[in-house]
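Please keep the sequence and the model in view while reading.

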Amino acid sequence: MTVPSVSGAPIVPAEPLHRRLGLTDSELEAIHERLDREPNGLELAMFSVMWSEHCSYKSSKPLLATLPTTGEGVVAGPGENAGVISIGDGLAVAFKIESHNHPSAIEPYQGAATGVGGILRDIFTMGARPIAVLDALRFGDPGDPRTRHLVDGVVRGVGGYGNCVGVPTVGGELVFDPSYQGNPLVNVMAIGLLEERRLTRAQAPGPGNLVVLFGSTTGRDGIGGASVLASATFTDTDPSKRPSVQVGDPFAEKLLIEASLELIERGLVEGLQDLGAGGITCGTSETADRAGTGMCIDLDAIPRREPGMAPFEVMISESQERMVAIVVPERYEAVRAVCERWGLPASIIGRVTADGDLVVVEGGLPADGHPVPGVREIARIPAAALTSDAIVHQRLATPPPRRGDATTVVGEGVGGLPERGMDPGAVLLALLGSANLSSRRWVTSQYDQDVQVNTVAGPGRGAAVLRVKGTAKALVATTDGVEGVGALDPYLGAAMSVAEATRNVSITGARPLGVTNCLNFGDPTRPEAFWQLSEAVRGLGDACQTLGVPVTGGNVSLYNESPAGAIAPTPEIGVVGLLDDIALLVGPAFVADGDRVLLVGEAGAGLAGSAYASLAGIAAGDRPPALDLQRERALQAFVREAIARALVASAQDVAGGGLAVALAEAALWSGLGARLRLGVPASPAVELFGESPSRLVLTCRPRQAPALELLARQFGLPVEALGSVGGDRLVIELKGQGATGAAEERGSRVADALDMAVGDLLHAWEHGLPRALGQEG
Amino acid sequence: MTVRVGVVVFPGSNCDRDTIHALTLAGADPVELWHEQASLDGAAAIVLPGGFAYGDYLRAGVIARFSPVMRAVAAFATAGGLVLGICNGFQVLAESGLVPGALLRNRNLRFVCRQVAIRPERLDSPFTRALPERATLRMPVAHGEGCYYADEATLDALEREGQVLFRYVGADGAIASPDAPANPNGSLRGIAGVANAAGNVAGLMPHPERAAEAILGSDDGMWLIRSLVESAAERARAGGGMVGSPR
């Protein structure tokens, strides 16, 4: 409705409050139903953060319900702050991955830093000491000045926070793809170790117990982080959203870690919850709802960072480094003393009640249900309405019109590297030196990788390996996301991501324990984007089911779109595995001269989505390679068994860049060459650079080769003896129909062999990333 | 009898537990010394561990020097007690004036975490006595402010007086000049660690406690830890009263 003003110009009435808070009209209706009355402004603000996509999973909940979540040793699964799985000896591992994409796009340092801080709190809230961080990062064109600014800020942010709190960054990914140009991804996984008996839940049991807020004070930073930033499509550089980015203080976090773990160790708290997205509203309603209780919060008791804050600002502020503890009244003094020792203010801000409502008052706490004179109730919402009974949307999923067709198709021969007539050595050098496959050291050397003295294998060479002090065990962790395939086929991309992540764990000899996932997708109200999400969740579920790994938690990040378009669907998969005897650990690098090199598994057709395709271009109509989950399962079971029988010297996964890159990495990481012959039934590009999953390069002592080959066949796996480790060159002779055909066409035999000095491979690999980012000439 | 070694814990220390772990492996009896305490609990030697004491706000190590425990450490050092500062601990010692020089931001203005090679410049100090002859030690660095700086006259004096304890070296064993790849932070004359004039207080940027077990990639750091523990035990025997009972 518009009315003419005195001047004649129409006056547009302000948008109603609920819309300004990001709630739709139908969501307002749903709030009416739950309250049976009009919400006031404060209540509406509380609903807006709790019903945001980020906090409520309102679009993804029905999909996530289909995932397998139970399995051997699972102590805590989805719905808790982090998944927890028993590893024996009375110990358990807690782990979770979470996104901080939009804050990092706006303010890369603080966005990434608080991403680390938030996921660490999820871990120590469970009673676990954080022992490792892995960061999976995705950006647009590395040559673009804005990308470089984002990379620099994010890397400094991850390091600035993780280095200070004393948690090593042991792995992760850094991928460049044009689809992330307007919307980078910052996914951070954290891992913690706990004594199983110290497992602490984020719940508020026992009416009459105190609600204690400790850590930093509450300010105006991060107002609407969950609703404004994380749950809406945005224009990439909008400075007006900077106030919604939280500001991190790793020193405060370090104190919070120590104080929280001491409180848990001494049995002083009944429940513990960190305040992240949704702030106090989230921390109080979730803990109450989980315990089936209610809570009365005294707004005046919440220490502020600045004067004049409105009640809604206090209730939804996402000021960092704050915790809520549920404490039996008699133990409050002891809790306060622990916090004080660590220099952290602690305040009683409320009490647990029995009525199931989250009540906010001003003027004092009603004691035992009897209101104090002057107390004013300013909000009353059933805790469940904010959390477990929050709105769920059934979104429309529609496949794109030409499903399965390669959307990145370019003509054959683009870039001067056609399928036939190529020089495989030149292609290998280009791949090794590419922004995506070269050494990540320029980034990882800015992270403390070793603090806590558990890091047996840090970032850069396959999965990270952390010994477990006081035992013979090791934890093995990785993150993987196959976005190239995900863009063409989201089901396949998700399944391949699970296959690759679990494979990276299995090839060390470890058994994958569980999966945490960060689902990065576009606007779920767009049917095609929601179809991508639902397909990916289906692929995730099928892969986890077949490979026998439970999903123990994760995070959904939607609305990853910018004016330039949506990101490639990116299911980022984090896996933690357990190696019972660290003495059996196997690495990916070649070990000794004379060792036999075996290829287990076989290449299938399809180059779409591969690193080779993005370098060389692919033929129109090409598809991504297929994945056989049963084959993958057999492959991983085989390699674990082979390692347990001490038959394997090194085990390397064939992934980005294909077999040639896998062999080159094994060579340049060891400084040892190899002399190999590879069968090429059809296409040298497919054999050398194709990224068919379910393949491994294994090496073994010569006398163990027969036993290893036999074992592979017993698991139903094809195995090909390629040759031996040795010398200072990587030589791969191509034999068979495909190789001969290629040579005849060119009238030359030169390209029937790839023959490169290991030193040259190393040089290309080491300098690729800093060159791509303009850090060296 | 195991010798008691105190490990100072500032708010923000994050290598205290690692240092305690390494000292335990070396057969010592490590005790935590909280930053607010004014007593050193009878420790025969003190280690200031790595981390970000008080958040390293303002400047690395600058706030820590005003803590009660540092007053006690300074008095202990002045009386000839053994004090070793590692990384942030080195920064605290330098800020406190207990060792010469200053640690500036790394030359490339980025945090650096990687393996380095360091060469001990003397084997007769309390911190290097257990080292093998002509050893090059491999251990990690992890810091943002590790560029050792002093004026030319001070550097000359340090070299003359034998106060340079460790230098970064290249694969060929040559001293890594400030711009050499083997020098992780631009330290002048490749200096990785120094001692005070009396030789009882030392600091270094590399982390020996992170190179104390072969499974972590190197156990070269154990030579340093063991040197400290041996020296502390010797002083405890000579001085008496500074030896804890076995736990």
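This is a predicted model: local features need pLDDT of at least 70, side-chain atom pairs count only at pLDDT 80 or more; totals for chains, interfaces and linings use all residues.

Which hand does the crossing of helix 15 of chain A and helix 22 of chain A have? The crossing of these two helices is right-handed.

**Helix 15 and helix 22 of chain A**

- Helix 15 of chain A spans residues 424-432 and helix 22 of chain A spans residues 658-670; they pack at an angle of about 70 degrees, and their axes lie 10 Å apart.
- Because angles from 65 to 115 degrees count as roughly perpendicular, helix 15 of chain A is described as roughly perpendicular to helix 22 of chain A.
- On the side of helix 15 of chain A, the residues that meet the partner are Pro424(A), Leu428(A), Leu431(A) and Leu432(A), while helix 22 of chain A contributes Ala660(A), Val661(A) and Ala664(A).
- By class, this contact between helix 15 and helix 22 of chain A has seven nonpolar residues, with no polar and no charged ones.

**Helix 19 and helix 21 of chain A**

- Helix 19 (residues 527-547) and helix 21 (residues 629-644) of chain A pack with their axes 9 Å apart, at an angle of about 40 degrees.
- That angle makes helix 19 of chain A oblique to helix 21 of chain A.
- Helix 19 of chain A passes helix 21 of chain A in a crossing that is right-handed.
- Helix 19 of chain A makes the contact through Asp542(A), Ala543(A), Thr546(A) and Leu547(A), and helix 21 of chain A through Leu629(A), Gln630(A), Glu632(A) and Arg633(A).
- The contact of helix 19 with helix 21 of chain A has three nonpolar, two polar and three charged residues.

**A sheet of seven strands in chain A**

- Seven strands of chain A form an open sheet with mixed pairing, in the order 25-27-24-28-26-29-30.
- Strand 25 (650-653) and strand 30 (753-757) of chain A stand at the edges with a single partner strand each, so one side of each has no neighbour in the sheet.
- On average, and with direction ignored, neighbouring strands of this sheet are turned by 20 degrees against each other.
- Within the sheet, strand 24 (residues 596-600) and strand 27 (residues 696-700) of chain A run antiparallel and are joined by five bridges.
- Leu598(A) has Leu698(A), in strand 27 of chain A, as its bridge partner.

- Most residues other than glycine have a negative phi.
- Gln452(A), which is not a glycine, has a positive phi near 85 degrees.
- Gln452(A) is placed in the loop between helix 16 (441-444) and strand 16 (455-457) of chain A, and this residue is buried, with 23 other C-beta atoms within 10 Å.
- Val453(A) is not a glycine either, and its phi is positive at about 40 degrees.
- Val453(A) lies in the loop between helix 16 and strand 16 of chain A; with 23 C-beta neighbours inside 10 Å, Val453(A) counts as buried.

**The contact between chain A and chain B**

- Chain A gives 21 residues to the contact, and chain B gives 21 residues.
- On the side of chain B that touches chain A, helix 1 (16-25), strand 6 (112-120) and strand 7 (137-143) of chain B each supply at least two residues.
- Strand 6 of chain B provides the largest share of that side, three residues.
- By class, the residues of the side of chain B that touches chain A are eleven nonpolar, five polar and five charged.

Terms used:
Residues are numbered from 1 along each chain as its sequence is written. Chains are lettered from A and ligands numbered from 1 in the order in which they are written. Two strands pair if DSSP finds at least two bridges between them. Helices (H or I, at least four residues) and strands (E, at least two) are DSSP runs, numbered from the N terminus. Axes are lines fitted to C-alpha atoms, for helices over the stretch in contact, and angles run from 0 to 180 degrees between N-to-C directions. Angles under 35 degrees count as roughly parallel, over 145 as roughly antiparallel, 65 to 115 as roughly perpendicular and the rest as oblique. A crossing is left-handed if the near helix is turned anticlockwise from the far one by less than a right angle, and right-handed if clockwise. Two residues are in contact if their C-beta atoms, placed from the backbone, lie within 7 Å. Ala, Val, Leu, Ile, Met, Phe, Trp, Tyr, Cys and Pro count as nonpolar, Asp, Glu, Lys and Arg as charged, and the others, Gly among them, as polar. A residue is buried if 20 or more other C-beta atoms lie within 10 Å of its own, exposed if 12 or fewer, and partly exposed in between; C-beta atoms are placed from the backbone.
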